[in-house]
Amino acid sequence: MKTRVLLLSVLLASFLNMAWAGNAIDDLFTRVKNLPDAEYSEEKLNKSGLKGAFEGVKSIEVAEASIDETTYQTLRKEIVKRDYSPYELLLDTQDGDELVKIFMMKSKKKVTEVVILDLEKGEIDLVRFKGNLKSEILKNK
């Protein structure tokens, strides 16, 4: 019973925090980091030797947590309805119980962030790449 009360308190505090905060992606990372059994890491990358998809990436941030059914349903409703501006939604797919979204934030000539969100029954995973990423998407704009 104490565990459920604690979990509900954390969820309520997270909801209130998200209602008053600005950046939806930062808020979601904070919320996932604060879930029970969450794991979080942020790695700053050395520029030398990075080629291909990782060229220009300065840091990678990962947050993941195991979740119960109630948390899954709550997060799913919230994630679907949330406004993620100033991020641009690149991919939004749902297959059964799995929900995947990919976002990017860009400046005039570079992509500065790419965020991958994967929610499924039992777990949530968030990955964020930050830096000055080259992008084929921007060549046509």
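1. Let's start with Asp37, which sits in the loop between helix 2 and strand 1 (38–44). Helices and strands here are DSSP runs, counted from the N terminus: a helix is H or I and at least four residues, a strand is E and at least two. Asp37 is exposed, at 64% relative accessible area. The scale to keep in mind is this: buried means under 20% relative accessible area, exposed means over 50%, and partly exposed is in between, using a 1.4 Å probe and protein chains only. The phi of Asp37 is near 65°, a positive value in a residue other than glycine. That deserves a second look because most residues other than glycine have a negative phi.

2. A quick word on what you're looking at: this is a predicted model, where local features need pLDDT of at least 70 and side-chain atom pairs count only at pLDDT 80 or more, while totals for chains, interfaces and linings use all residues. Residues are numbered from 1 along each chain as its sequence is written, and side-chain values use heavy atoms, with hydrogens and water left out.

3. Next, go to Pro86, in the loop between helix 3 and strand 3. The peptide bond from Ser85 to Pro86 is cis, with omega near 15°. For context, most peptide bonds are trans.

4. Now for helix 2 (residues 24–33). Seven of its 10 residues are buried, so helix 2 is largely enclosed by the rest of the structure. The buried ones are Ala24, Ile25, Asp27, Leu28, Phe29, Arg31 and Val32. At the start of helix 2, a side-chain oxygen of Asn23 comes within 2.8 Å of the backbone nitrogen of Ile25.

5. Where does Lys101 sit, and is Lys101 buried or exposed? Lys101 belongs to strand 4 (residues 98–106), and it is buried, with a relative accessible area of 5%. Its side chain makes a polar contact with the side chain of Asp92, at 3.0 Å. A polar contact is a pair of N or O atoms within 3.5 Å; within protein, one must be able to donate a hydrogen and the other to accept it, and residues adjacent in sequence count only if both atoms are side-chain atoms. Leaving aside neighbours within four places in sequence, Lys101 is in contact (heavy atoms within 4.5 Å) with Ile79, Leu89, Leu91, Asp92, Val115, Ile116 and Leu117. Leu117 turns up again as the bridge partner of Lys101 in strand 5.

6. On to the strands themselves. Two strands pair if DSSP finds at least two bridges between them. Strand 4 and strand 5 (residues 111–120) pair in the antiparallel sense over eight bridges, and a hairpin of four residues joins them. Strand 5 also runs antiparallel to strand 6 (residues 123–133), with nine bridges between the two. Across that pairing, Glu113 stands opposite Lys130 in strand 6. The hairpin of strand 5 and strand 6 has two residues between the strands, and Gly122 there takes a positive phi near 100°.

7. How many salt bridges does a search of the whole structure find? The count is 10. A salt bridge is a side-chain nitrogen of Lys or Arg within 4 Å of a carboxyl oxygen of Asp or Glu. One of them joins the side chains of Glu78 and Arg31, at 2.5 Å from N to O. This pair links distant parts of the chain, 47 residues apart: Glu78 is in helix 3 (residues 69–81) and Arg31 in helix 2. Glu78 is buried at 15% relative accessible area, and Arg31 counts as buried at 2%.

8. Finally, have a look at Lys121. This residue forms a salt bridge with Glu69, the closest N and O atoms being 3.5 Å apart. Here too the pair links distant parts of the chain: Lys121 in the loop between strand 5 and strand 6, Glu69 in helix 3, 52 residues apart. Lys121 counts as partly exposed at 40% relative accessibility, and Glu69 is partly exposed at 38%. The side chain of Lys121 also meets that of Asp97 in a salt bridge (3.9 Å, N to O). Asp97 lies in the loop between strand 3 (88–95) and strand 4, so this pair ties together parts that are 24 residues apart in sequence. Elsewhere, salt bridges that share partners join Asp26, Glu61, Glu113 and Arg128 into one network.
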